[in-house]
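Okay, thanks for having me, everyone. Let me put the structure up, and then I'll walk you through a few spots in it.

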Amino acid sequence: MLVEQTRSILQAIPSLYALLTVACLLLGITFADTAPKLLTVAVPSAAVLFCAWRYSIWRRASKFEINAETARPMLLRMEFVTVMLCLVLGAWLWSLVPYANPTQKMYLAFFMGLTGASVTIYAMPRPRIVAMTLCTTFVGYIAIFWFDGSPLYQLIGCELLVVFITFYNVSRGVARRVEQGVLLQTQLLAGHRHATALATENRALALSDTLTGLPNRRCFFEDIENQFADSHGRTLPIVGLVDLDGFKHINDVFGHAAGDAVLIAVAERLQNVLGTHGIPSRLGGDEFAFILSDKNSIREARCIANDILDAVSAPIDLPSGDKGRVSASIGFSSPDFPVNVATDLLEQADFALYRAKEMNSGTVVEFSGAHADILRREHNVQFCFKNADLAEELRLVFQPVVDSTSGRIVRFEALARWESPELGSVSPVEFVAVAEKSGMTSRLTSIVLRKTIDQLLVWTEGTKISVNLSAQDIISEDTTDGLIELLETAPEHVRRRITLEVTETSFLSDFSEARRNLLKFRALGLTIALDDFGTGYSSLRYLQELEFDIVKIDRSFVNALCTHEKSFGLVSTIQQLCRNMAIECVIEGVETQEQLTMARRAGCRLVQGYVYAKPLESPDASRYINGELQFPAIRVTNVDSLVSVA
Ligand code: C2E
Ligand code: CA
Ligand code: CA
């Protein structure tokens with residue numbers, strides 16, 4: 001309040017002194033002929049000098065910051081100067097009275113009342129100054145004019161009293177409004193401060209992981225961007241990714257509290273090892289990361305990564321009193337390979353981590369030249385695939401699934417082949433992975449499906465074809481609906497001859513969505529096969545709830561079929577299970593007669609693999625369909641030998 005009062009009076013000071021200067025000069029001129037020079041020249045000149053002096057003081061004061069401490073003495077000084085000014089002016093007027101004729105006397109009374117009132121206008125927010133000025137003026141007026149004997153001066157005196165009281169009341173009103181304004185401003189300021197503090201706190205929370213207190217994924221990404229920008233592409237920071245092995249086991253066996261304890265301990269150890277070398281972050285789950293500043297060499301990075309491995313693998317005290325143990329796989333970027341954007345560093349680290357996890361647990365892998373070549377090739381394939389005329393460049397080959405007891409072809413699996421004008425022939429393993437990584441599978445699948453429908457319209461009614469779907473095709477409703485639209489253009493007898501092959505991984509991210517979408521295909525009359533069974537979770541729940549029509553045992557079992565009794569047992573059990581559940585079972589990747597024999601012994605009747613045929617071009621497949629060529633029927637004579645009957 002004091003600050004506000006001081007500010008508002010200070011603002012008015014120049015005009016106030018200008019007013020006083022003019023008033024004094026005019027009064028001096030009015031009495032120039034009648035009063036002595038001391039009163040008409042010296043006093044107004046002194047007043048002008050005084051005003052100029054005060055004005056310069058205020059000018060300086062207005063440059064200083066006014067706060068609660070400086071405002072009070074300033075106001076006190078203002079009050080003192082005002083009263084003194086009133087007294088001096090009063091004395092001057094009083095000394096002029098003896099030289100005044102009646103008109104001049106009236107002018108003096110007018111001067112006194114008006115100047116007193118005008119001065120208060122400038123000090124309105126401070127009622128004390130207003131009261132002091134008005135009181136001094138009024139007392140002066142009474143002293144000089146009341147006893148003059150003329151009732152006119154007494155009437156003017158009464159009028160002045162009323163006006164002065166009104167001025168004082170107005171001043172109090174102004175002061176109250178200023179006070180309310182100040183209060184409001186203070187509240188607003190407090191509110192603003194509170195909001196700013198909350199925003200800062202929120203940002204800190206949004207950027208840190210609540211469990212470990214480490215910076216979180218979002219913060220990590222911001223840090224990479226900042227450090228990359230600071231490096232100006234010269235000495236790059238090193239980005240490391242740390243993935244825990246064995247964490248899930250601790251969570252499952254000892255519970256979530258133990259899992260939390262492990263994460264907190266790992267976070268502390270990361271901080272200890274990194275020290276001033278870099279910042280650790282928790283990206284989520286059991287994934288951590290670190291950024292080493294550009295001051296660290298790649299040698300130091302290697303040492304730090306190995307120290308992290310050692311620190312993480314030390315036993316951890318669990319809340320239950322047990323000791324927990326986890327290990328880590330670490331991949332980190334290398335400043336030796338130029339990057340265009342900050343996320344390229346992350347891609348390098350991610351790639352290296354992927355390689356580390358492929359090796360034994362507890363490995364550190366640094367991004368290398370060989371990795372750079374693979375990544376470059378991946379980017380190349382991705383670029384070409386994105387810009388390819390897939391309808392033109394993709395073609396299908398067909399690998400038969402054969403009923404080994406009769407040699408009859410049960411169906412063909414359509415497998416895509418891509419002949420890129422820039423890259424030549426690209427393996428499906430490569431381009432399917434790229435399409436999946438860059439979210440372009442729906443384009444691939446719809447073209448394969450279109451070509452499959454066209455092929456089925458050409459081939460005789462009994463021929464069936466299965467088509468591979470990617471995970472993204474069935475977890476995205478939009479993609480599924482697009483494929484359904486395409487399938488609806490095909491006649492029903494064609495749709496009934498199409499099988500969709502899906503893998504277990506398709507159900508991992510969103511089981512219910514994938515299930516809903518699969519049912520839509522099924523409602524159109526398609527059959528559904530579970531591909532690569534045995535490589536994922538091999539969940540019986542999937543088999544039961546998703547009501548697959550066909551299960552395809554992955555080819556990784558085939559090799560072991562001849563050498564490992566357990567594999568043999570497993571295949572024969574899956575086969576038996578499928579039979580009990582009325583699910584058709586196909587064994588994939590059978591290459592040799594020996595494997596075929598073992599597969600048959602394990603109960604497998606339907607076989608797909610090089611032992612019968614590699615994927616065939618459409619005209620070659622047609623020769624089997626129209627009976628020009630056929631596969632041998634094999635029957636079992638005894639458990640050890642199979643005889644070809646065709
Ligand atoms: P998949 O679905 O498991 O397909 C079977 C793969 O095993 C085919 O490889 C096939 O040529 C190969 N194969 C068949 N019999 C044998 C054998 O006796 N020994 C060996 N070593 N391999 C055998 P291909 O054509 O290279 O396809 C590889 C993978 O690419 C496929 O595995 C499938 O996952 C994917 N793929 C191929 N075409 C498509 C497609 O149109 N769409 C999608 N989404 N994926 C496709
Ligand atoms: Ca397949
Ligand atoms: Ca397969």
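Predicted model: local features only at pLDDT ≥ 70, side-chain atom pairs only at ≥ 80, totals over all residues.

So let's start with Leu524, which sits in the loop between α19 (511-523) and β13. Helix and strand names here are DSSP runs, H or I over at least four residues for helices and E over at least two for strands, numbered from the N terminus. Before I go further, the bookkeeping: residues count from 1 along each chain as its sequence is written, and chains are lettered from A and ligands numbered from 1 in the order in which they are written.

The cut-offs are under 20% relative accessible area for buried, over 50% for exposed, and partly exposed in between, with a 1.4 Å probe and protein chains only. And what does Leu524 touch, leaving aside residues up to four places away in sequence? The partners are Ile484, Leu487, Glu488 and Arg495, where contact means heavy atoms within 4.5 Å. Leu423, on the other hand, is 101 residues from Leu524 in sequence and 38 Å from it in space, C-alpha to C-alpha.

Five of its seven residues are buried, so β13 is largely enclosed by the rest of the structure. β13 pairs with β12 in the parallel sense, over five bridges; for two strands to count as paired, DSSP has to find at least two bridges between them. Within that pairing, Leu500 stands opposite Ile528 in β13.

Now the metals, which I guess you've been waiting for. Which residues coordinate the calcium ion (ligand 2)? Glu413 (OE), Asn468 (OD1), Glu501 (OE) and Asp531 (OD) do, at 2.1 to 2.3 Å. A donor here is an N, O or S atom within 2.8 Å of the metal, or 3.2 Å for Na, K and Ca, and water is not among the atoms, so sites may look incomplete. Along the chain, the donors of ligand 2 follow the spacing E-x54-N-x32-E-x29-D. Distant parts of the chain get linked this way: Asn468 is in strand β11 (residues 465-468) and Glu501 is in strand β12 (residues 498-503), 33 residues apart. Asn468 is partly exposed, with a relative accessible area of 28%, whereas Glu501 is buried at 2% relative accessibility.

How far apart are the two calcium ions, ligand 2 and ligand 3? They lie 3.7 Å apart, and Asp531 bridges them. Asp531 is buried, at 6% relative accessibility, while Asp532 is partly exposed at 25%.

Okay, on to helix packing. Helix α12 (residues 369-387) packs against helix α14 (residues 428-437) at an angle of about 80°, with the axes 10 Å apart. That makes α12 roughly perpendicular to α14. The labels go like this: under 35 degrees is roughly parallel, over 145 roughly antiparallel, 65 to 115 roughly perpendicular, and the rest oblique. Axes are lines fitted to C-alpha atoms, for helices over the stretch in contact, and angles run from 0 to 180 degrees between N-to-C directions. On the α12 side we have Arg377, Glu378, Val381, Gln382 and Phe385, and they meet Glu430, Phe431, Val434, Ala435 and Lys437 in α14.

Next, a sheet. Five strands form an open, mixed sheet in the order β2-β3-β1-β6-β7. β2 (278-284) and β7 (364-366) stand at the edges with a single partner strand each, so one side of each is left without a neighbour in the sheet. β2 and strand β3 (residues 287-292) run antiparallel, joined by six bridges, and Arg282 stands opposite Phe288 in β3.

Last stop, backbone angles. Ala582, in the loop between α22 (565-580) and β15 (584-588), has a positive phi of about 55° although it is not a glycine. Ala582 is exposed, with a relative accessible area of 68%.

Conventions. Heavy atoms only, no water.
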